[in-house]
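Visitor: Could you walk me through how to read the features of this model?
Guide: Gladly; let's take a look together.

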Amino acid sequence: MNTPIDLMSALTGPAATGPSDHRWFPPGTHITVRGLTKRFGTTTLYENFDLDIPRGQLISIFGPNGCGKSTLINMMSGILPIDAGEVLFDGKALRDTRIGYVFQNYREAMFPWLRAIDNLRYPLKFLKLSKAEKNARVEKMIARFDVKIDLHRYPYELSGGQQQMVSIMRALIVDPEVLFMDEPFSALDYEMTLFMREQLQKAFMETRTTTLLVSHDLEEAVHLADKILLLTRKPTHIADYVAFDAPRPRDTETLSTPEFVRVKAHSLEVFQREVRKP
Amino acid sequence: MKPTWAERLAALFPKLAPLWGALVFVALWWIATSLKVIDPILLPSPADSAKALWKGMTGGSLLHDFLRTVTRTLLSFIIAVAIAVPLGIVLGSSDKIYRAVEFIIDFFRSTPASAMFPLFLVLFGVGEKTKIAVAAFGAALVILFNVAYGVMNARKLRQLAAKVMGASRVGVLTDVTFWESMPQTFVGMRSGVSLALVIVIVAEMFIGSTDGLGQRVINSQMIFDMPEMYASIFAAGALGYCLNLLFLSIERKFVHWGGK
């Protein structure tokens, strides 16, 4: 299953040739976080935090309330400034990296003065593409998601699920190297959540975009992830980094497989151990 | 079953509801004049006033004065918008600048614009310029305040979304903040145009004018031509009402997303 990824890492290899003091990271790593430090006033949220994100995998981030799950991806995506440390994408800085970001609050993340289709098209204006290429991207995105949404409506005329779908498409249309998602489905009902998981997986299987998904729902976190990053309470560090390699596409039946149950139970155990710590 | 006459009338009632108040008002007026409760010289009958209004607007000089007032109001409004909107965006997008000038803006916004007439007379002389300048000044402050407020309260998440997609600082301003401030800007423009009308009318009354609704009201009052005076007052009222209605409908069409 993992051959394409292994092949990629064999080609690129660890960027040990870069400027010196980078600590070692395993082959196939896409994003390296080193020495990340973040303080809010007198409280320390992250201190000397290291993390490796493998290429082409979907990583769920799960942890106790207030441990800084969203803060972590916000720092990685440049939304929040960091106090110290560095985040590199294939050894490059963020400004040289194409990213996509899906916010939890789709209502406020969409631009209500633009029709859904123009919302979708918006990030393309920052890429140097011809008009035909831009249109082709839009067509491709619509085909990929097989959307039955009238994209000529305004966002506020669409249902919550449809709005978030457009917002995911908007994040993916630039063909990002990394996709960040901050609790993207938490404002949706369960039926819609299951449908969105299916759609997200479909897109992920096609593009294999390295994805970071913050979730407050352990079932969702495990269901979608190749690896689940479990965080401690603050000052935050890694409690566990659990692999879950059930074959894709995963559907609702996956939720009752022994492997899923085992990984979820283990994650829950780690989580509760962290929550109960004094 | 065919609706009866009474049922049809009953169905019509809620639709015509806004008219009933006006009808009662005219009826009371008519009763007052026909019973001579008030001196008929001071309060002519509704019919006489309506006649004066109709005559004046269809060929009389009222139409000319009406259009002069409309021109002055719109001209001062356009000047106000041209100055206040860009300035408001700049002020609103910088916390530091805004806090530095907030007091000044708030102070002059609270100063009655009519108190500025003498100053503007000195600056612009007796004539067209002064009327338009004072009205533009008053309207500009109201609009400025609202635009800056709208910009400051732009949703941070939308700005972040644009930034994360690759928009520059200026890009965030033009693609998001400008649009986000629109609903509040329209509130400001609506109050601004009303205020401009008020100031223009007052200026026409007192700053040597030869035309305009304000001048007409005060002239007919001086020669005791009461139907003419009421006609001019109604023309001014209708103008204010229609401007408000016009701006409301533009607002509804243009900032359809307001509050969403």
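**A helix crossing, a core and an interface**

Guide: H3(B) and H11(B) cross in a right-handed way, meaning that the near helix is turned clockwise from the far one by less than a right angle. The model is predicted, with local features needing pLDDT of at least 70 and side-chain atom pairs 80 or more, while totals for chains, interfaces and linings use all residues. Residues are numbered from 1 along each chain as written, and chains are lettered from A in the order written.

Visitor: At what angle do the axes of H3(B) and H11(B) cross?
Guide: Axes are lines fitted to C-alpha atoms over the stretch in contact, with angles from 0 to 180 degrees between N-to-C directions. Here the axes of H3(B) (residues 46-57) and H11(B) (residues 226-254) come within 8 Å and cross at roughly 65°. H3(B) is therefore roughly perpendicular to H11(B), a label for 65 to 115 degrees. B:Leu53 of H3(B) and B:Phe234 of H11(B) are among the residues making the contact.

Visitor: Which residues touch the most other members of the largest nonpolar core?
Guide: A nonpolar core joins buried Ala, Val, Leu, Ile, Met, Phe, Trp, Tyr and Cys residues through C-beta atoms within 7 Å; buried means 20 or more other C-beta atoms within 10 Å. In this core of 119 residues they are A:Ile61, B:Ala139, B:Ile143 and B:Ala196. Helix H7 of chain B (128-152) gives the largest share, 15 residues.

Visitor: How many residues of chain B are in contact with chain A?
Guide: Contact means C-beta atoms, placed from the backbone, within 7 Å. By that rule, 13 residues of chain B meet 15 of chain A. H8(B) supplies the largest share of chain B's side, six residues.

Note on methods. Contact = placed C-beta atoms within 7 Å. Helix = DSSP H or I, 4+ residues; strand = E, 2+ residues; numbered from the N terminus. Buried ≥ 20, exposed ≤ 12 C-beta atoms within 10 Å, placed from the backbone. Parallel < 35°, antiparallel > 145°, perpendicular 65-115°, else oblique.
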